[in-house]
Structures are given as structure tokens and as C-alpha cells.
Amino acid sequence: MTLISLHEMGEVIRRVRKERGLRLEDLADENISPATVSNIERGVAHVSPEKVTYLLDKLDIPAQKLPEILEKEQQELQELFVQLQIVSTLREIGKFDEALQTLDSMPVDDHHPLIPQVYYYKGRCYFSKKKYRQAERAFHNAIRSVQQGENQENNIESAGYLMLGVIAYLQNNLTQALTYANQGLNVWVQGGERLHIRHLLLRNKGVCLQRLGRITEGMQLIQEIWDEVEQVDRIETKLMFYWLRADFSKRSGFLDEAIQFTLQGITLARRNSKLVSLFELWTLLGSIYLEQKKYHLAEQALETAQKLRGSFPDGARLASVYTQFGLLSMVNKDLDKSYEYFLEAITISKKYQDAARLISNLSVMGEICRKRGQAAEAIDYLQQAVALAEKHEYKEREAKLWMQLASCYEGIDDKEFIHCMRKTYSLQQTKQESYIVHNDII
């Protein structure tokens with residue numbers, strides 16, 4: 001028997017057993033164990049054909065009836081597959097509760113071949129409703145169901161890890177998000193379904209590395225997969241790879257290369273009318289020109305990004321253009337204007353609970369306040385940043401922040417100064433790579 005026919009045969013046996021109200025133990029005897037019956041029902045390949053034949057005889061399933069039973073089974077699977085497509089459509093148009101009701105009404109149990117997809121779509125519905133705990137449970141169940149079966153070619157396991165990573169990212173748990181991305185890539189079945197899932201996992205891994213300041217790893221990842229980028233069919237994912245390539249090049253000091261990839265990304269985004277990507281790429285270009293000290297070009301790029309606001313739904317990304325305008329104002333020694341820009345960036349980052357951007361913006365705001373002679377306000381902003389860095393375990397950022405706090409306390413409060421220096425020293429023992437907070441701002 002082929003692997004496919006084993007799956008089909010197993011489903012027939014499971015269906016007949018369920019219809020007759022029999023347990024696995026009820027079919028076991030000295031010739032076949034409950035575990036073997038379970039393996040046959042799940043289509044496990046290493047079960048001998050003799051055991052399958054023995055079980056068919058025991059259930060009194062005639063061999064000549066198998067094609068008819070299998071055809072009926074395939075028709076029922078097709079109907080259920082259509083139901084899943086209906087669920088997916090309902091979710092796309094925002095009818096999440098109706099989609100969940102449809103999933104709950106489907107006659108599938110934990111051994112059904114479509115149960116991983118059922119759990120996965122439930123997770124997607126809960127995710128869309130922002131019920132993340134229920135979504136996580138559903139995605140874990142989808143992963144478990146795949147692992148207990150043999151049909152992994154649909155890559156539902158990778159898709160489950162992808163969504164778990166997105167939830168972790170939204171909760172500012174970047175380390176866990178990175179772990180999920182790696183797990184999803186590790187179980188990816190080459191030549192299977194859902195090719196876009198692999199591209200999304202690679203994109204998410206790159207974003208996590210970028211946010212964590214692990215620039216060397218990020219650059220290596222992007223260079224390794226760059227030959228695949230033109231094969232990416234989802235334009236938003238492809239544009240994010242261009243953004244990552246440009247950003248990692250910038251952070252690695254290859255500014256001309258960074259400009260090249262940013263401009264290529266802008267052209268691609270403009271041709272495809274992807275306004276969010278245009279905003280992000282023009283903002284990035286402004287930051288690169290700022291790094292090159294080409295301030296006039298930086299201002300033009302940032303103003304272009306600013307003009308795109310209102311063309312797409314607001315989000316945490318809006319903070320980035322205010323951040324760059326604030327840095328440009330610092331260069332021009334206009335601390336008052338810089339203060340206002342960073343105040344807006346902080347407000348947006350808090351609204352959308354973007355810890356990575358918020359920590360960076362609070363850090364620079366502390367520096368601005370210190371330069372303006374507002375020591376107490378500087379300390380307050382830096383303490384907020386430290387608390388967030390501790391909460392989300394951003395060790396490298398936390399070390400930098402303690403050092404900034406020490407500079408604020410120096411000559412004012414010796415006890416706090418010593419405390420900050422001790423914290424800095426302790427964190428530097430585990431520091432993996434150095435980076436500049438200004439460069440970490442997106």
C-alpha cells in the first residue's frame with residue numbers, strides 16, 4: 001500500500017469503528033494491540049500490511065467494498081475542505097464568530113485528517129478577534145495534531161509556529177518570537193503546500209533579529225536568502241526583505257549599499273501602490289542620509305514620508321518618521337523642536353504598545369532633556385525606558401540605559417550613580433554585541 005492509501009484506509013477503519021461505538025481496546029487481542037490499531041487509523045507507514053488486513057477482517061469490511069467506502073470518504077473530505085474555504089472567506093471579511101460557529105459544527109474529532117486545519121483556522125479567527133490566549137491554544141493544538149499524524153506536507157505545523165511568533169512579537173516578546181520563527185523553519189517540508197509561510201517565517205526572523213540588535217546574524221540571514229527574494233509572490237513580504245536588506249546594510253556601515261536597496265524597494269512599492277511600504281522605505285532613506293550627514297536630502301526624504309500619512313491606517317510605524325525628524329533637529333541644535341518630535345514619537349509608541357520603539361525614543365528623550373538642563377525629567381524618561389527593557393529582557397539596551405542614567409546622577413547623587421554603574425557592569429558581562437541606541441531607532 002502507498003502512504004496515501006494508508007491514510008485513506010486508516011480513516012475508513014476509524015470511521016467504521018466510531019460508527020459501531022467501539023473503542024481501540026475493543027478491537028485489540030493477542031494478535032493486535034490498541035497502539036497498532038491507533039497507528040493503522042493514523043496511517044503510520046511502518047505498520048505491516050498483514051496487520052491492516054487482519055483489522056479489516058475483524059471489522060468485517062469486505063475488500064470489494066473498499067473502493068466504494070473510499071470514494072464516499074473522499075466526497076465527505078471534499079465537502080469538509082469546502083467548509084474550510086468558507087471559513088477562510090468569512091474570516092477575511094470580518095465575520096469571525098460565524099467562521100468559528102462553522103468550525104465548531106464540522107464533524108471532525110482529534111483523529112480526523114483535517115483536524116490540524118480546523119484548529120489552525122480557529123486560531124486565525126481568535127487572532128483576528130485579538131483573543132490571543134485562545135489563539136495560542138488553538139495553534140498549539142494544530143501543531144500537536146500534525147505531530148501525532150503523518151501528513152505534514154500541508155505545512156500547517158510551520159504555519160502554527162508562524163502565528164505563535166506573531167503573537168509573541170505583538171506582546172513584545174522578541175526572543176520567543178525568534179524561537180518560534182526558527183521552529184517553523186525547522187519543520188518546514190520542502191515541496192509541500194503554503195510556500196508563502198516559509199517566506200513569512202524568514203521575514204519574521206529577520207525583523208526579530210533587527211529589533212534585538214543582532215545585526216551580524218540578520219545580515220547573514222538576508223544575504224543567504226537574497227537569491228530567493230524574486231521568487232516571493234507576496235509583494236508586501238518582498239518589500240519587507242528590501243527594507244531589511246537596506247536597514248542591515250545601514251547598521252553595518254554600508255551606507256551606499258543601503259541607499260541602493262532602499263531606492264529599489266521604493267520603486268517596487270510605488271509600482272505596486274504599496275503605501276505603507278513607501279512610508280517605511282522613505283523614512284529609512286531619510287535615516288540613511290542623516291547618517292551620511294546629507295541633511296537636506298534627509299529632510300526631503302522624511303517630508304515625503306510624512307506626506308504619506310493618512311494614506312493608510314495609523315500604526316506604531318508612524319513613530320519612526322517623528323523619531324528621524326527629532327534626530328535631524330538635534331543635529332541642527334534645535335532641542336525644543338527635537339523635544340516636540342520625540343514627544344509625539346513616544347505618544348504613538350505608547351498608544352500601540354511598541355516596546356522596542358518606545359525604549360529607543362525614551363532613551364533619546366532622556367538625552368534631550370539632559371542637554372536642556374532638565375535633569376529630573378531626563379531621569380524620569382530613562383527610568384521608564386529601563387523598566388521596559390527589564391520587563392522585555394532587552395539586555396543590551398538596558399546596559400546602555402543604565403549608563404545614561406549614571407551620567408544624569410553624576411555629581412548629583414553619588415549613591416544612585418554607583419548603583420547605575422554596578423547595574424551597567426553586571427549587564428555588560430552578558431552583552432553579546434555593542435550597538436548605538438540612536439542607530440537602533442527605526
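Residues are numbered from 1 along each chain as its sequence is written, and side-chain values use heavy atoms, with hydrogens and water left out. Because the model is predicted, local features need pLDDT of at least 70 and side-chain atom pairs count only at pLDDT 80 or more, while totals for chains, interfaces and linings use all residues.

**Two helix pairs**

Helices here are DSSP runs (H or I, at least four residues), numbered from the N terminus. Their axes are lines fitted to C-alpha atoms over the stretch in contact, and angles run from 0 to 180 degrees between N-to-C directions.

| Pair | Residues | Angle | Axes apart |
|---|---|---|---|
| H17 and H18 | 318-331 and 335-351 | about 165° | 8 Å |
| H3 and H4 | 34-41 and 49-58 | about 95° | 11 Å |

Let us start with H17 and H18, which pack at an angle of about 165°. The two are therefore roughly antiparallel (the term covers angles over 145 degrees). Their contact (heavy atoms within 4.5 Å) involves, among others, Leu-318, Tyr-322, Phe-325 and Met-330 of H17 and Tyr-341, Phe-342, Ile-348 and Ser-349 of H18. By type, the residues of this contact split into 11 nonpolar, five polar and two charged.

Ser-349, already met in the H17 contact, sits in helix H18. With a relative accessible area of 0%, Ser-349 is buried (under 20% relative accessible area, using a 1.4 Å probe and protein chains only). Setting aside residues up to four places away in sequence, Ser-349 touches Ala-319, Asp-354, Arg-357, Leu-358 and Asn-361.

Leu-84 belongs to helix H5, which spans residues 66-92. Its relative accessibility is 1%, so Leu-84 counts as buried too. Beyond its neighbours within four places in sequence, Leu-84 is in contact with Leu-103, Met-106, Leu-114, Gln-117, Val-118 and Tyr-121. Leu-84 and Tyr-121 are 37 residues apart in sequence, and their C-alpha atoms are 7.9 Å apart in space.

Notes:
Parallel < 35°, antiparallel > 145°, perpendicular 65-115°, else oblique. Nonpolar A, V, L, I, M, F, W, Y, C, P; charged D, E, K, R; others polar. Buried < 20%, exposed > 50% of the residue type's maximum accessible area, 1.4 Å probe, protein only.
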